[in-house]
Amino acid sequence: MTSPSKTRLLITGAAGRIGTGFVAEYGDRYDLRLADRPGAAIATTAHETVTFDIADLAAFLTACAGIDVVLHLAADPSPEAEFYDSLLDSNIKGTFNAFRAARDAGCRRVIFASSIHAVGGYDADTPISDDRPVKPLNLYGASKTWGESLAHVFAHSEGLSSIAVRIGAYEAPWIKDHATALNLSAYISPRDLNQLFVRAIEIPDLPFAIVHGISNNRVKRMDLTGTIAALGYDPVDDGFAIYGEPITS
């Protein structure tokens, strides 16, 4: 049963690590509709769940019915993903459908899970500001720049509030064995990313923003000045403090 006092939130890709972590921490804060592809195991029985192919616009539109905000996490997350085999449907068509369906269903906002890979071509000498041009080094990163561009189009041409979050190196087992200075500078903890999502969901009167999803790392791959100004983001973790001195190989 939905609550009139709670934001009605659709999370796509809800079976993934990021979606699962968000629901575990903030599941009681919203009226959730959790979505993933057919066959995916969404780890909850406390919320409404749906399965559909995000490349199917009609199915996406049905999933957006009665929703206030769409948190669009669904995508192929691999930097090695093939374009025709996966990215075209998952990251190109699926991302367009998220914005198109949300706008047509009367949602007030889409939060798009972009990636640090959208600006991965910059060197590590200075933090990447949020006003730098996109600079991907792989097709996955290029697919995320598509989503950021769609966010701008739908915000400024169709009046749909759209926020793109460039997610850094989200907490994962691989980080321990690959704790290089570069990876730790891009680190984001689950609680910091979850906080950032909450602020993106709840901030009023923000037509469009591209924000950076990293923790308060001692050295930062992306600059957080604009993100803090736009959303009041207050990260508490530091990848270098969590994992110690970076390894060199």
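Reply: Let us begin with Ala105, which is located in helix H3; helices (H or I, at least four residues) and strands (E, at least two) are DSSP runs, numbered from the N terminus. This is a predicted model, in which local features need pLDDT of at least 70 and side-chain atom pairs count only at pLDDT 80 or more, while totals for chains, interfaces and linings use all residues. Residues are numbered from 1 along each chain as its sequence is written, and side-chain values use heavy atoms, with hydrogens and water left out.

Me: Which residues does Ala105 touch, not counting those up to four places away in sequence?

Reply: Contact means heavy atoms within 4.5 Å. Ala105 touches Leu61, Cys64 and Ala65, with residues up to four places away in sequence not counted. Between Ala105 and Ala65, the C-alpha to C-alpha distance is 5.7 Å, although 40 residues separate them in sequence.

Me: How many aromatic pairs does a search of the whole structure find?

Reply: Rings of Phe, Tyr and Trp (its six-membered ring) pair if their centres lie within 6.5 Å; planes under 30 degrees apart count as stacked, over 60 as edge-to-face and the rest as tilted. The search of the whole structure finds nine such pairs. One of them, Phe99 with Phe154, is stacked, at 5.6 Å centre to centre and 25 degrees between the planes. This pair links distant parts of the chain, 55 residues apart: Phe99 belongs to helix H3 (residues 83-105) and Phe154 to helix H4 (residues 139-158).

Me: Is Phe99 buried or exposed?

Reply: Buried means under 20% relative accessible area, exposed over 50%, partly exposed in between (1.4 Å probe, protein chains only). Phe99 counts as buried because its relative accessibility is 0%.
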